[in-house]
Amino acid sequence: MQKNVMIGLLLLIGGNFFSAWYDVSVKWLPDDANAASYLMLRQVTSVLMLLPFWLCAGRPRPVTFKVHAARANIGVVGALSLVMGLMVMPLATVSSLFYSAPLMIMLLGFFLLKEKVTKVQWICALLGFLGIMIILRPGELNIAGIIVLFSAFTFAINQMALKKLPDTEHPIMPLIMYNLLGIPLAVLIAAYQGFAGFSWQVLVVAIASNAFLLAYHWLCVLAYRQAQASDIAIAEYTGLLFIVFFGWLLFDEWLDSLTWLGAALVVLPSLILPALIKLLRSAVPAVPSH
């Protein structure tokens, strides 16, 4: 494995550890909390937390403002959808759906960035889609699950958009612009709902969430600069393992048998099939040419 790919994988694994803690922190919100108000507080406090880092970096400026603006506003819609899902669904179920994002990243990389996708990766994508259908159980019309799946799609788009940012831009810029440029939309959504659900507990959770989320985004920016998206997107699955563990440890949540099956179809093919095919190819002796 190439060194840059290995570094990218390790960075994404570390990032997903912090991402799992972000999901956990949303579960700390009080019962009367409002998702839009929480998101607005998170956006504002995130910018305040990033300002010292931006100043220490020499006050860098964005190179591609339009890309940052698009990522920020797509991110607000996706983040709101994820928070809504986390507030009503078990951690592990939400994450099983959300970790369809690596499949989406692979497909978007193929269609938008013309990145190479192997036959094995196509098989993984099809099995992953089947797993998503099992988790969603379309016959039950799980609206919350569909909202989470939409959030995963917005996440995949934003991860792919990182490739449109120049490597020369300081890593602090995607983080601060992602939160700063999303504030107007977050305020509008919260205002529409009457700024409901404000409390000190919501503010504390927003600050804690920011610490975890900013660490995740920082590591993602670094990871996707190391290698192409389709090579390292598999590391996004490690977050599901962290989430299942934290859900069991902290909230006594567990997956039912069908969700386990769906999650396995989403995660395991990408983890096992490439290594299995490589092993089989190495075990079969080459046929001498005549």
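Is Glu253 buried or exposed? I looked this up to begin with: Glu253 has 16% relative accessibility, so it counts as buried. For my own reference, buried means under 20% relative accessible area, exposed means over 50%, and partly exposed is in between, with a 1.4 Å probe and protein chains only.

A note on what I am looking at: this is a predicted model, where local features need pLDDT of at least 70 and side-chain atom pairs count only at pLDDT 80 or more, while totals for chains, interfaces and linings use all residues. Residues are numbered from 1 along each chain as its sequence is written, and side-chain values use heavy atoms, leaving out hydrogens and water.

**Entry: the salt bridge**

I searched the whole structure for salt bridges (a side-chain nitrogen of Lys or Arg within 4 Å of a carboxyl oxygen of Asp or Glu) and found one. Lys27 pairs with Glu253, and their closest N and O atoms are 3.9 Å apart. The two residues are 226 apart: Lys27 sits in the loop between α1 and α2, and Glu253 in the loop between α12 and α13. Helices here are DSSP runs (H or I, at least four residues), numbered from the N terminus.

**Entry: aromatic pairs**

Next I looked for ring pairs, which are rings of Phe, Tyr and Trp (its six-membered ring) with centres within 6.5 Å; planes under 30 degrees apart are stacked, over 60 edge-to-face, and the rest tilted. The search gave me 12 aromatic pairs. I noted both as partly exposed, Phe17 at 33% and Phe242 at 24%.

I then turned to Phe110 and Trp122, whose centres are 5.0 Å apart with planes at 85 degrees, so this pair is edge-to-face. Phe110 is in helix α5 and Trp122 in helix α6, so the parts tied together are 12 residues apart in sequence.

I also found a cluster linked by ring pairs, including Phe17, Trp21, Phe242 and Phe245.

**Entry: a nonpolar patch**

Last, I checked the surface. Phe245, Trp248, Leu249, Leu250, Trp254 and Trp260 make a nonpolar patch of about 670 Å². Helix α12 gives the most to this patch, with four residues. Trp260 lies in helix α13 and is partly exposed at 36%. Patch residues have over 30% relative accessible area and no salt bridge, and nonpolar side chains (Val, Leu, Ile, Met, Phe, Trp, Tyr) are joined within 5 Å.

Methods: Patches are made of residues with over 30% relative accessible area and no salt bridge: like charges are joined within 9 Å, nonpolar side chains (Val, Leu, Ile, Met, Phe, Trp, Tyr) within 5 Å. Accessible areas come from the Shrake-Rupley method with a 1.4 Å probe; for residues, only the protein chains shown count as cover.
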